[in-house]
Amino acid sequence: MRIDLSTAVSPDAPTLTFDGDCGFCQATITRLQRHARPRMRATPWHALPDHITRPHRERLDREVLVFRGAHVAESGAQALGAYLASSPHFRYRATGLLLRAPVVRQAARLVYRQVATHRHRMPAGTAACALPRTHD
């Protein structure tokens, strides 16, 4: 399945954005598109217009975001939940809804953070997948 690389973001349709330079992120989205066939569009954030991504660059390097136009609607595990919830397949849709449920939300956030932090060590991950270091 091909990832949509168009540069326009529809103001009414949500778009999942991910780090297109990260092999792990690219492989994960490709796998989800192939199996879950979500109805939500997914595109690397680098393919979006600069005026949309500029205010969110730090977040875009660290987590997936769902945009509605130029507005961030969801992030991290909640964004993946929204993406999966748009699947026509019951098991993926149910998984997406579960990730967004209040009881599971905090655990999903913690797991997402750990995976994102170590994505360069995951299958298909490379040194380019490592998150930028923060200056504490």
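Select helix α1 (residues 23-35) and helix α4 (residues 76-85) in this predicted model: their axes come within 11 Å and cross at roughly 25°. Helices here are DSSP runs of H or I with at least four residues, strands are runs of E with at least two, and both are numbered from the N terminus. The axes are lines fitted to C-alpha atoms over the stretch in contact, with angles from 0 to 180 degrees between N-to-C directions. The crossing therefore makes α1 roughly parallel to α4, a term for angles under 35 degrees.

This is a predicted model in which local features need pLDDT of at least 70 and side-chain atom pairs count only at pLDDT 80 or more, while totals for chains, interfaces and linings use all residues. Residues are numbered from 1 along each chain as its sequence is written, and side-chain values use heavy atoms, with hydrogens and water left out.

Next, display the side chains between these helices. I29, L32 and Q33 of α1 meet L80, Y83 and L84 of α4, contact being heavy atoms within 4.5 Å. Five of the residues in this contact are nonpolar, one is polar and none is charged.

Now move to strand β1 (residues 15-18). T15 and T17 on one side, and L16 and F18 on the other, are all buried, that is, under 20% relative accessible area with a 1.4 Å probe and protein chains only. Within β2, T43 is the bridge partner of T17.

Finally, show the whole protein, which has six helices and four strands. Buried residues make up 40% of its 136 residues.

Technical notes
Angles under 35 degrees count as roughly parallel, over 145 as roughly antiparallel, 65 to 115 as roughly perpendicular and the rest as oblique. Ala, Val, Leu, Ile, Met, Phe, Trp, Tyr, Cys and Pro count as nonpolar, Asp, Glu, Lys and Arg as charged, and the others, Gly among them, as polar. Buried means under 20% relative accessible area, exposed over 50%, partly exposed in between (1.4 Å probe, protein chains only). Two strands pair if DSSP finds at least two bridges between them.
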